[in-house]
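Welcome, and thanks for taking a look at this one. Here is a short briefing to read alongside the model.

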Amino acid sequence: MNNKFIILLLCLIFALAKSPALKAQTCTWTTFQAESGTRSSGSTIDTNHTGYTGSGFVNTANATGSWFEISVATTTAGATNLQLRYANGTTADRPVSVSVNGTTAVASVSLPATGAWTTRSIKNLSVNLNAGNNAIRFTSLTSQGAPNID
């Protein structure tokens, strides 16, 4: 069974980089549950490994190119921090690529083993979002699929 990503958190930081006065403000995180997004054929929403949040986690198909996508709306364009919570109960890395609106944002993100399907880890990364709706897609780069995503 593929590892799943568990929680996708977004924090808009572009304002911090543009205005020194805003640097003292606290970043607001928004949680997006992976199971509320869309996913490739053969991927499922599962609940068989404890520790997930929401109603379950995404288990992508065991195939290169299997994916999960979440829609994110923002009022201003700019760099955005993401935190991806996942479980990888294998001993192998399960990297994914990240695209925004169909364009590759990060060619490869390493998602190493977490020791068990019930043990989660968080991967931090940054992507640029457009003002308005954005489709953020995580695509498996291995034949084992992506880790479990919540």
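Rings of Phe, Tyr and Trp (its six-membered ring) count as an aromatic pair if their centres lie within 6.5 Å. In this predicted model, the structure holds two such aromatic pairs.

**Strand pairing around E11**
- Strands E6 and E11 run antiparallel and are joined by eight bridges.
- Within that pairing, Phe68 stands opposite Phe138 of E11.
- Strand E8 also runs antiparallel to E11, and five bridges join E8 to E11.
- On that side, Val98 has Phe138 in E11 as its bridge partner.

**The nonpolar core**
- Which members of the largest nonpolar core touch the most other members? Among its 22 residues, they are Val98, Val127, Ile136 and Phe138.
- At least two residues of this core come from each of strands E6 (67-74), E7 (78-87), E8 (96-100), E9 (103-109), E10 (120-129) and E11 (132-140).

**Arg137 and its partners**
- By the salt-bridge rule, the count comes to one.
- That salt bridge is between Glu69 and Arg137, whose closest N and O atoms are 2.8 Å apart.
- Here too, distant parts of the chain are linked, with Glu69 in strand E6 and Arg137 in strand E11, 68 residues apart.
- Arg137 also lies over the face of Trp67, at 3.5 Å from the ring centre.
- Why is Arg137 classed as partly exposed? Its relative accessible area is 24%, and partly exposed covers values between the 20% limit for buried and the 50% limit for exposed.

**Thr60**
- Thr60 is found in the loop between strand E5 (57-59) and E6.
- Thr60 counts as buried because its relative accessible area is 3%, and buried means under 20%.
- A polar atom of the Thr60 side chain lies 2.9 Å from the backbone nitrogen of Ala146.

Technical notes. Residues numbered from 1 in each chain as written. Predicted model: local features only at pLDDT ≥ 70, side-chain atom pairs only at ≥ 80, totals over all residues. Heavy atoms only, no water. Core = buried A, V, L, I, M, F, W, Y, C linked by side-chain atoms within 4.5 Å. Buried < 20%, exposed > 50% of the residue type's maximum accessible area, 1.4 Å probe, protein only. Helix = DSSP H or I, 4+ residues; strand = E, 2+ residues; numbered from the N terminus. Phe/Tyr/Trp six-rings, centres within 6.5 Å; stacked < 30°, edge-to-face > 60°. Lys NZ or Arg CZ within 6 Å of the ring centre and 35° of its normal. Polar contact = N/O pair within 3.5 Å; in protein donor to acceptor, adjacent residues only side chain to side chain. Pairing = 2+ DSSP bridges. Salt bridge = Lys/Arg side-chain N within 4 Å of Asp/Glu carboxyl O.
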